[in-house]
Every structure is written in structure tokens, then in C-alpha cells.
Amino acid sequence: MPRKLEELPKNPLLKASCISKYITYQWLNPLFKKGNKQPLKSEDFYEVPPEDETEHIANKLERQWNKEQERAKTAGRRPKLSRAVAMYLGRDFMMVGLLNMLEEFMRIGMPYFIGRFISYFVPGTTTTRLQAALYGGVIICFSYTLAVIHHPLFFIATRYGMQLKNALATLVYRKAIRLSQNSMSKTTTGHIVNLMTSDVQILERTTIFLHQTWLAPLLLIVAAVLSWLEMGPWSFTGILALLLLAPLQGWMGKQFALLRQKTATMTDLRFKIMSEVIAGMRVIKMYTWEKAFSNLVADVRGNFLQMEDKKMMSNNRSTKTSSTTSLKPVVEVEKISAKWNESLNTQTLTDISFKVTPGELLMIVGPVGAGKSSLLMALLGELQVSHGVVNVQGNISYASQQSWIFSGTVKENILFDQEYDKERYDRVIKKCALEKFNGYDIVLCPRAVYYDAEIVLLDDPLSAVDTNVGRKLFDECIRGLLKDRICILVTHQLQYLKGATNIICLKDGHCVGKGTFEELNEGGLDVMSLMSTLSDQDVMVEQEAVDLHQNESDHHVVIANGKTPLLEPNHIYKRSTSAVSEAITETRTRKSHCDLPSSMSMETLNDSPEEIYVSKQEAEKQTTGTVTWNVYLNYLKAGSSLFGMIVLAILVLASQGSILVGEWWLAEWADSEHYVSTVVPKKSNSTFYLPFYDRDTYIIVYGVLVVVGMVTNLLSFVLLFRLFVLASKNLHNNMFNSVLRAPIYFFDTNPVGRVLNRFAKDISQMDDLLPSSFSDFVRLSVLTFAILLLNVVSIPYLLVGALPMTILFGYLRNYYLKTSRDIKRLEAINRSPVYSHVSASLDGLMTIRAFNAEERFIDSFYDYQNYHSAGYFLFLTTQRWLGARLDVMCASFMALAVIGSMVTFETGTALSASVVGLCLTYAKMLTGMFQWCTRQSAEVENIMTSVERVIEYSQLEPEAEPSKPLQIPRDWPSNGVISAERLYYSHHKTLPPVLKNLNFCIKSEEKVGIVGRTGAGKSSLLSMLFRLNNPEGLVQIDSLTITDLSLHDLRSAISIIPQ
């Protein structure tokens, strides 16, 4: 089973007071202090609160989904997930909506009271000083109230979003692990990973804006009423414009949904390709398919980004198998027929019957594609039976034909979460010959044998081992340890047929023979002829005839035409097509001119094989400290040239500047109109003076500023998002090409889930979150600076508060970032095991279900998800910690603006009502804008950790290439002579050699067989020829040294059928 994670300390949120929990977030202070002293580790995180635990929230949502299915069935309609989600959120979430309504009403009320307040500064006003003070008090009170209640509401909404995301991802995993093989054939691991990442991430953000669906119409009515009371019939134009925008918004929402559906489909396709590429990287490299797959992924990615650019711009498994453990163990099959796909006309299995009881060994033989493995799948319930009955009484253990392991030690893979019994474990290790060889296949048979099952299904385990180990496995394990159990063995090794109590011969899904070995021979069935119908398997080597010395020093090198053959001529037997008669034919050895004797070693497991990692993985690198400027520069360079960035900066400054100047000019125009209409006719002696222009000048200037603002804003928007799209596209392609060029050792030591995490979540962060956060930061930075400048120039007293507030903002930002950066990085690292677990579970689905280990793997998923959620929950709460403090500071600035304007006016300083209104309006905006700008700057740096991780994979060490590759002749290799002298080869420079001091020469047109014990280095020899790692020594093909050739030239000249 997957390894246990470290236990995290209890969450201090559970003991925090209500004020600390939702308003001040003081329970996070110890974490911030620690994060500012030293880099954080995952062990510094806290457990997720009980109400956020994965199992709890998944069960809660599943109950609501089951209720929705029942209601839909009663009503005769399709069940809707949205209704189940609504019931999951419940009344508590609706109560949050009422507080949201209060918040929004206060936001609408603020402009009204600001209007009443600035009327005090209008010459000849009837507003008294006391009334102005009361209005100002209400403004200040609203500012602080909004600062206090916003973040608890936002925190609750994001918390519900996190719960929904985790609950839906868990339900997808629980569904996937129970899908039938027929259903699994219609989907891919990449599609399921995409569902659990990108798709549920969108639903996570839904809770933040969900209340706006019913608040928006209500707020529109309130705003319309207030506008009518203030402006009378003149407000009708604005109200009509808002009403006309509603259908447009609805149409844009539908278009957005269509684009989202298309991008989701393209993302599924990209994940599917990525999963296949990573899983088959060894074959891709050997066949030099890197460029083809790179172009394929680039095309899919390009189509996705086109949709993204437009978007920016605008059944459970079922079976007829019965199983119980309360009765006597038996496997009985009566005339079953089955096929994998109902659309197929041909049956996979037809009219198969047999019965196996304890102590019997049933061997299933037949040519490739005869239906042997499918018959085991029918016993496991993976293949749906269309006719007949499968009766399986007893628990099952299963060794699959394809090796499947999870990350951990050999011991952990063999135990498979069973209780450790040292005596039984040592006996299994010995009888299964585990100490004799290595490789991933070693755990399959021991795992099935150690599991205390009454029925053992073995799918061709003898094909993965050499004859010595095969004979030991059959005699001491299958006919030894398993002699009292029901054992069903699928095999192609016909030398063991005499040891079976019963044999079934399959061909094209039909049973063509059944009985003991003697009965089949007496019946005239030629088993050997049957086996050779699809493949030439008439040459067999008897295990007893092969004497492989156990002493390493007795091993001799096997060379073509050599003087030192590994096998003596009379040790090789050639079987005829008759299963009974054997004709012994001596093989002849030929002399060679390049007979270079040497010694060959075989790496074996040490004395404690259970402590060996079957999949030794390197720890994922955690970067510490600030995100360097090089990351930002590389990101910007990937999206635009230096000239483009300069043009973009000018456009951003021009757009924000023209908008701000335009509003200031509008205020000046309003003062001019008021002065001309009220003060001049009265010929007032007031010292209040404004330099006026004629009305046409105001109109022309304001019109020009509006047009310039619109054009520059549109251009800056288009160029900025074009930069984001190109940067994301180029960085993705760079990372993918870098991964394609990475050595095989990288894929051996990094699980699929970890690599997919970079292409899934990190790329998703770059695509979805970074553009909006970065553009907000850029736009708000310029606007915030302009607002502060306008307020200070208009009301100099504000400089007293603006300067220290700016300094304090910077200090808080840096203090927050030291902790939040580490949390974000660790959260991304802790996400990888979740994806790896999902990928491993789907790959080993049949084994997991055969061992009835679904619940154990689901429990492990809970652990991984909770471990990841611990970091994600802290990331959400630390954002609220910063936001709450920044909003209180902004509310204080608003209070200072209100008080400062009154003090300035009362001291006799000339102050325009329009300027005061503009300053207060912007100060109100600043209450959210300044803290949002600071938070977005921090958020940009947090999201840039994803860019940092992408760039890290874009700079992976590539496979070794010669500095000046040889130019190969057009007809190379023309002869195909392969020679090696003093050859040493290891799979990585940090690992010991698996081939040691080999010397051989293979002449043109020779057919050479490479034999040896399991783990002796046979496949490694082929890996060496393809230079999956650079060999030491001299290896030549047609007199050209392979280390002097480019990898593409070398690999494209060699063909291989992979193991």
C-alpha cells in the first residue's frame, strides 16, 4: 500500500476565539513568525479541520447526490449536480448570502453619504457642520465595517469552494476506481486527472460569486431607485443601459461556457497525450519520435490557447460473478460467454465450463489472443458475462500479466497492507526465489502468494523469469506453498503441463481441450501445435539442461562465434511440433576473429530485499526565498520582445493616466458650470477662484481624453493578454521539449503524477490565474499611485497618513510573502503525490480490485488529499490574514481623508466640492484597491512559483550529445557489424554498472541470442546500444563509435521490438 504520511500537529484554529478565527486571524501569527525566521517545511503545516477532511465532505456530497438521483427518478428527469451542490452548501451558506447583501447595501450607501458630505463644500450650501460631521461619521463607520466583515465572508466562501473541489475530486476518484474495464476503455488517465484538477478548480471559484446571481438584480433595483431620487428622469438613460447590458451579459456567458467546454475537451486531449508520452518515453526515444510528439502536443496546445485567448477576450462496475467466503472455496464456471464490448460481433469467450476445488492446479494454455487473461478477468468480475454463471466462493489473490507496483519498498509491495508475519514472509521470499533476481516483476507472484487467499490467480508469471527461477517457482511455490489452495495458472511454458491437475486449452475464445496432460495426449490433442499457431514457439530449453553457475566468477561472456559458449551443445533441445516426441539436435559453434573473453556479472538484491525500493524516487526539489527577477524576465521574454514591453508600458500608463485626468477634468468642468450658474450672477466677493474655459473646450478635451483612454485601454488589454498567451505557450513548449530530451533516468526516478503536476496544475495556474492577477497588479499599481498623488495634492494633510501607510503596506507585504511563498511551493509539491496515487491506482485497477483493496486505496487518497489540503487551507487563510490588515489600514486612510477635508476647509483653505468628491470617491475605491493591489502583487509572486517550476523543468539536464557529432554516411549502417571493447554501462552516473568489462563482436547478418538469468543485463545491453545512457569503453557500429554520433542519427538507424 502507499506509504503513510507524517502526522501533522493539531490545527490551532480549533481552539481559537471567534474574533481570532474570522476577523484578526491571530491564530496564524506563530506560523508567520516561524516562516520569517526559516524556510517552512510540510511538517510545519497543521491538520485540516475535521469539517474539511476529505472523507467527511465527500460522504456529505455523495449523500446529497444520492438524494438528488432519487428525486430525479421520481420526477422523471435527469439528476443535476448543481442541485446536489446547492443542498450540500445548505442554509449556512445562504446565511452568508444575507451578510453579503448587507455588505453590498453598505457599498451602495457609501456614494449617497459621500454626496451628502461633499455638499457641505459647495458655496452657499445649507448643510451644517454637524450634519457634515454625521455624514462623515457614517462614511467612516461603513469603511471600518466593510473592512471587518468582508474577509470572514470571503474566507467562508473560499472554504466552501475548497470543500467542493476536494469532494468532487474524491467522488471522481471513487467512481474511477470502481469503473468496469469496459467503461475504463472509454476514458483515459489524463481525462480523469483533468477532471480532478482543471474542471473542479472552476467549481471552487463558483462559491465566491454564487450569491451574486440573486444579489445582482436586487442591487440593480436599489441603484435604479437611488438614481431616480437623485437625478430624476435623467437617470433613465443609465438605467436603460444597464437593462440592455443584461441580455448581452447572458449571451457572453453562454459564449464563455461554450469556449470553456471546448478548452476542457482540448485539455483532456492534451492530458491524454501527455500521459501516454510520459508512460512510453523509452519507446519514444528508441524510435526517435520526439519531434512528432512535440508537434502533436504543440498543435493541441495551440488550439487550446486560441480558445483561451477568445475566452479572455470575451457506471459503476457490474458483474454476474457471485462471491462469498462463508462456504467451501470453489471456482465453478458453467457455459459462460462474454465479450469486452457489446458492439462487437465476436465473443471473447464462448461456452467455457470448468470447476476447481482446493488442492487443484488448473493450467490455462493457448496461443496469444486465445482468451486466457480474459477468462481470469471473468473470474474477477472485470469482464461482464453475457451468458452462463460464474460462481466464485472464497477470497482471491491475483498476479497480473503486466507488472504493477506502487512507490515503496519491496516489502511494502509484497505485504500489500497485510499484517507482517516474519516467518511467513521469509518463507514466501525463499519459495518465490526473490533473492535470485531483481526487477519490477519480482513482487507480483510473492504478493499473490503472501496474501492469505483461498483462490490464487496467476497470469503468466513464469514468462518474466528465466528457466531456473521458473522451475523453482513452479515446484516450491505453485506446487508447494499453494498446494492446498485453488490455483489457476495461465502460462505459455508447456514444460510444466505434467504438474497440472487439470488443463484447459483455449483457441479464439473456445475451449478446444480439457483434462489432464495424459487425457489430452490420449485424446489426440497436439498442444504444441496449438501453441505454435500464432507464434513460433517450437524451440524450448529444458530448465534441467541449463546449468547457470551461481558463482559470478564462473560466468563467461556470450559471444557470437566465440570460443567460450555459455551453454554446451548437448544442453540445447529443439522440440518438434509434437508435444510428446523430442528430437535432440546439437547446435554448432563457429569460430570468430574477435573472440574477446571476459567475465560478466549480475547485480542481485542484497540480504534484505524487503528494504529495496522498487521505485526509488528523488525528493521533489523545494525552492526557497523570493522568486528571482530572472523568473519574471524569462516569463516576459517568452511573451514579448523588449520593444513590445516598452510599448505595452506606455499604453498602460496612457490608459490609466487619461482616465484619471479625464475624471479630474470632469470635476473641473462641474465646478466651472456651478461657478458660472450660481456665483457669477450674484457677483460674489468670495475668494474662491477657478481658472475657467469655455464649455466647448471642456467638451473637446474631455472627449479626447475619453477616446484616448478607450483606445489605449483596449490596445493595452489586447497586448497584455497576448503576452500572457504567448508566454504560456512558449514556456509550455520549452518544458515539454526539455522533458522529451531528458534522460530515461529522470522518468525512472520521477513518478508520472509529479511530471503531470507540472503540465496540469502549474500550467493551469499560468493559463487561468496569472493573467488576471498580473493584469490587475499592473493596472492597479498605476491607478493606486495616481490616486494617492491626486489625494495628497488636493488635500496635503493626507500626506501624513499616506506616507506611513505606504511604508507599512510594503512591510506587511514582505512579511506575508516570506511565509506564503513557502506555503504555495509546498502546496504544489504536496499536490504531486495525489496525482501519482491516482495514476498508480488506475494503472493497477485490476490488481487492486482482485485483492479487494479499493477501500484501502481510497483511504490512502484521503490521506494524500488531506496532506495537500493542509497547505492549501493555510494558503487561503494567510490571504485573509493579509487582506484583513490591509483593509483596516485603507479604512483608516478613508477616515483620514474625511477628517482631513473638513479640517482643510475649516482652516479657510479654498477647496472645491468636486475635488473633495473625487478624492473621497477614489479614497473609497482605494479601500479595496490598495489592499487588492498589494494582495495581487503577493499573489503574482505566489503564482510565479508555478512559472518557476515550469522553468525548472525547461532546464532539465538533457541526454548527453557529442560536442561535434560525426556526419554519418547516407548508407550507414551498411553491414551492421557491432563490436565492443572494455564496455561498462550503468543506467545513471550515480549508479553502479550493470554491464562490466564486456567484449564482443557481432558480424554482419549474424543472428545472435542473448541469454542469462533475470537481471543479468540483457535488456541493458540493448539500452546501451540506443545510448539511453552513455556507455564507457569503445562501442562501434560499422566502425563508427556510437558515442560520437548524434542520438537521432544513432537511434533512427536501429530498430527494436521493446520488451
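**Notes on the predicted model**

1. Let's start with a cysteine pair. The sulfur of Cys432 sits 3.7 Å from the closest cysteine sulfur, the one in Cys477, which is too far for a bond. For a disulfide, the two cysteine sulfur atoms have to be within 2.5 Å. Cys432 also counts as buried, at 1% relative accessibility. Here buried means under 20% relative accessible area, exposed means over 50%, and partly exposed is in between (1.4 Å probe, protein chains only).

2. Before going on, keep in mind that this is a predicted model: local features need pLDDT of at least 70, side-chain atom pairs count only at pLDDT 80 or more, and totals for chains, interfaces and linings use all residues. Residues are numbered from 1 along each chain as its sequence is written, and side-chain values use heavy atoms, with hydrogens and water left out.

3. Back to the cysteines. For Cys445, the closest cysteine sulfur is again in Cys477, 4.4 Å away and too far for a bond. Cys445 is buried too, with a relative accessible area of 7%. How many disulfides does a search of the whole structure find? The count is 0.

4. Now the overall picture. The protein chain has 29 helices and 16 strands; these are DSSP runs numbered from the N terminus (helices H or I, at least four residues; strands E, at least two). Of the 1059 residues in the protein chain, 50% are buried. The chain exposes about 49,600 Å², with carbon and sulfur atoms supplying 58% of it (Shrake-Rupley method, 1.4 Å probe; for residues, only the protein chains shown count as cover).

5. UniProt, in an unreviewed entry, lists several stretches as "transmembrane region", including residues 132-156 and 699-725. Its positions are given in the numbering used here, feature names are shortened, and annotations may be inferred rather than shown by experiment. In the model, residues 132-156 are 100% helix, and their end C-alpha atoms lie 36 Å apart. Residues 699-725 are also 100% helix, with 39 Å between the end C-alpha atoms.

6. Take a look at Ser42, in the loop between α2 (29-37) and α3 (54-75). Is Ser42 buried or exposed? Ser42 counts as buried, at 10% relative accessibility. Leaving aside neighbours within four places in sequence, Ser42 is in contact (heavy atoms within 4.5 Å) with Leu8, Leu826, Asn830 and Tyr867.

7. Finally, helix α28 (residues 1018-1025). Its buried residues are Ser1020, Leu1021, Ser1023, Met1024 and Leu1025. They pack against several elements, among them α10 (281-286) and β13 (978-985). After α28 comes Arg1027, whose phi is positive, near 50°.
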